[in-house]
Amino acid sequence: MRGVFLDTMTMKLDELDTARLEKVLDHWDFFLTTSAHQTAERIEHADVVITNKVILDAELINKAANMKLICACATGTDNIAVTAAAARNIPVRNVVGYTGGSLAQHTLALILALATRWHQYDGAVKNGRWSQSPIFCLLDYPVIELAGKNLGIIGYGDLGRKTADLGRALGMNILVAESFTGGDSSDRIPLSQLVAESDVISLHCPLSEHTEKLVNKEFLAAMKPGALLVNTARGGLIDEQALADALKSRHLGGAALDVLSVEPPPADLPLLAEDIPNLIITPHSAWISRESRQRLLDAVVENIHSWRKGC
């Protein structure tokens, strides 16, 4: 039984315990990265294919005669032609819940950075402005106290709930938007109400037909003046030009993003312009703690084990 892992660079495997992965099949081929023109050859003889971001389209899946299982080393499967796999009775297994506290921790760090402007004050110290101050401190950037403010959560799964818990620990009031797919919403409020009342909005919903460019010009205009926006979910949730405009106009107090619509981003992406105030962008790193990556790898191994057992 042969397996191939197409993009191990996304996991930095040399930092992880890979013993269980190596034993779950008879033979493995590991590749740091795989380009589009290399994929067909590399999956040709594999029974099990692991991919994080490498695209497996219908043509590739149909040509891979030995393929018996596809493991997404991620939660999302939008890079895999799931319908084509199903037509050949090839299961596609993904992983959920592996980030543990890492993503909520990163979300909190972004909220705190926007509220305290510590990143800008650190820059002011390092470029000598504090040394030149006529008084004992700098008051250049507005700082807000989060206690008593409203934290709006859009997407109330495990990650949204963990973020809400951290917000409560800071003394924030938690507002939760109604689900986009229905279900019990007795403790939730309409999205329009959440947008209008939140001082900080944190996105934790999946990208779907209901949520693509959810944060558009109208959404941003309806937010409180000076409110903060945080996105550690999916880049496609935001109309990036509209967000850039809202920040430049200073209608928003700031935004912090761990995801963008294209990753890695092209240099001309609107949000990479140098004149956008109080914008923090981290490079899709909310999930990358060693603990989180180990849980993800272990879950992939469990998916292979369960498949071999017929589960």
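Predicted model: local features only at pLDDT ≥ 70, side-chain atom pairs only at ≥ 80, totals over all residues.
A salt bridge here is a side-chain nitrogen of Lys or Arg within 4 Å of a carboxyl oxygen of Asp or Glu.

Another salt bridge stays within a single helix. Asp165 pairs with Arg168, the closest N and O atoms being 3.0 Å apart. The two residues are three apart in helix H7, so about one helical turn separates them. Asp165 is partly exposed at 46% relative accessible area, and Arg168 is partly exposed too, at 42%. Salt bridges with shared partners also join Lys12, Glu15 and Arg293 into one network. Within it, the side chains of Glu15 and Lys12 meet at 3.3 Å, N to O; Glu15 is partly exposed at 35%, as is Lys12 at 46%.

Now for the sheet. Six strands make up an open sheet in the order E7-E6-E8-E9-E10-E11, paired in parallel. Strand E7 (173-176) and strand E11 (279-281) are the edges, each pairing on one side only. On average, neighbouring strands are turned by 15 degrees against each other, ignoring direction. Helix H5 (residues 102-116) packs on this sheet and touches E6, E8, E9, E10 and E11, its direction making about 155 degrees with that of E9. Helix H7 (residues 158-169) lies across E6, E7 and E8, and runs at about 175 degrees to E6.

Strand E6 is well wrapped up: five of its five residues are buried, so the rest of the structure largely encloses this strand. Asn150, Gly152 and Ile154 lie on one side and Leu151 and Ile153 on the other, all of them buried. Four bridges join E6 to its parallel partner E7, with Asn150 standing opposite Asn173.

Out on the surface, Ile135, Phe136 and Leu139 form a nonpolar patch with about 400 Å² of accessible area together. Ile135 belongs to the loop between helix H6 (118-126) and E6, and is partly exposed, with a relative accessible area of 45%.

Note on methods:
Residues numbered from 1 in each chain as written. Heavy atoms only, no water. Pairing = 2+ DSSP bridges. Axes fitted to C-alpha atoms, helices over the stretch in contact; angles between N-to-C directions. Contact = heavy atoms within 4.5 Å. Patch = residues over 30% accessible without salt bridge, like charges linked within 9 Å, V, L, I, M, F, W, Y side chains within 5 Å. Areas by Shrake-Rupley, 256 points an atom, 1.4 Å probe, with all protein chains shown as cover. Buried < 20%, exposed > 50% of the residue type's maximum accessible area, 1.4 Å probe, protein only.
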